[in-house]
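Here are my notes for your first read of this model. Have it open beside you and take the points in order.

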Amino acid sequence: MKQITDINQLRGIQIGILDNVHRFCEAHGLTYFLSSGTLIGAVRHKGYIPWDDDIDIYMPRKDYEQFLQTYCDETGRYRVINPQTEPHYYYTFAKVVDQQTLMVEKETEGYQIGVYMDIFPVDYVSDDPKEREQVFKKKKLLYKIRRCKISKSNPLQSRLAYWVYKHWPLSVRQIEGRIRSLIILTHPTKTVCNMTEAGPKLKGCFPAEDIASSVDIEFEGKMYKTMVGYHDYLERTYGDYMTLPPPEERVTHQFEAYIL
């Protein structure tokens, strides 16, 4: 193995994943959007945020589920992984990984994973803020319990989650089922959100019309897709996203990456 010490080499691997997913989605009529810090980087820098080291995309729930069922890379280099199919998978959303690489992360506690790109489903949520808040509280606790079950410790320092983990005789798969039944609405609403993490806060919700269609956007010299209402989404989620944060908030993720 050879450690990746150049951030540009790491980013090149990630962009290779994004290119592969982009081509697959285009060929199969699936919708995706550059999102989160990746989208901020595209809008503000036409590429990565200078200190960033990952790529995030959103998919509407329907497209997300279809992608998980149908995605394949003919070369065998890339593979999609998600919590429904991977035992001891720490994360609560899908990733496409480069199988010619290895990531070493503290929080995954030995779970081997390649350099990856994150894929988050976007779900409809209640238009009633009070109902939405109750769902957020329940799903936050369930995600914490799930992670305690996987790690066999209390990684999130939640007393309630750890107590329930010790006394609730449900498997990780059963907890995953309860999470899905809580967050996946079968009927459309006017509000959507990424519901696959312990966060985000309620401000992470945004109008469904923002993802009604996609538009092209430049990222690292290439054209990809994002949501038509990207400005509204970013403003609601991050506030003044065009202003650089203070230096102490310009942090990278903690991991080591290797070429196999």
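Which residues point one way from β5, and which the other way? Keep that in mind for point 2.

1. Some ground rules. This is a predicted model, in which local features need pLDDT of at least 70 and side-chain atom pairs count only at pLDDT 80 or more, while totals for chains, interfaces and linings use all residues. Residues are numbered from 1 along each chain as its sequence is written, and side-chain values use heavy atoms, with hydrogens and water left out.

2. Back to strand β5. A94, V96 and D98 point one way, K95 and V97 point the other way, and all are buried. Here buried means under 20% relative accessible area, exposed means over 50%, and partly exposed is in between (1.4 Å probe, protein chains only). Strand β5 covers residues 94-98, and because five of its five residues are buried, the strand is largely enclosed by the rest of the structure. Helices (H or I, at least four residues) and strands (E, at least two) are DSSP runs, numbered from the N terminus.

3. Who sits beside β5? Strand β4 (residues 78-81) runs antiparallel to β5, with four bridges joining them, and Y78 stands opposite D98. Strand β7 (residues 116-125) is also joined to β5 by four bridges and runs antiparallel to it; there, V97 stands opposite Y116. Two strands pair if DSSP finds at least two bridges between them.

4. Now follow β7 to a pocket. The second largest pocket has a volume of about 240 Å³. Its lining has 15 residues, and P60, R61, K62, V122 and Y124 lie nearest its centre. Helix α3 (61-70) and β7 each supply at least two lining residues, with β7 giving the most, three. The lining divides into ten nonpolar, two polar and three charged residues. For the terms: a pocket is an open set of points on a 1 Å grid over the protein atoms alone, where a 1.4 Å probe fits, with protein on both sides within 12 Å along at least five of seven lines; lining residues have an atom within 4 Å of a point. Grid points are joined across faces, edges and corners, and the volume is the space filled by probe spheres set on the points. Ala, Val, Leu, Ile, Met, Phe, Trp, Tyr, Cys and Pro count as nonpolar, Asp, Glu, Lys and Arg as charged, and the others, Gly among them, as polar.

5. On to charges. Side chains of opposite charge can pair when their charged atoms come close. The structure holds ten salt bridges, each a side-chain nitrogen of Lys or Arg within 4 Å of a carboxyl oxygen of Asp or Glu. One of them joins E65 and R180 (3.1 Å, N to O). That pair links distant parts of the chain, with E65 in helix α3 and R180 in helix α6 (residues 172-183), 115 residues apart. E65 counts as buried at 17% relative accessibility, whereas R180, at 23%, counts as partly exposed.

6. Compare a local pair. R236 and D232 meet in a salt bridge (2.8 Å, N to O); both lie in helix α7 (residues 230-238), four residues apart, about one turn of the helix. R236 is partly exposed at 43%, and D232 is partly exposed at 22%. Elsewhere, salt bridges that share partners join R61, E65, D123 and R180 into one network.

7. Finally, look at D19 in helix α1 (residues 7-28). D19 counts as buried, at 15% relative accessibility. Leaving aside neighbours within four places in sequence, D19 is in contact (heavy atoms within 4.5 Å) with K222 and Y224.
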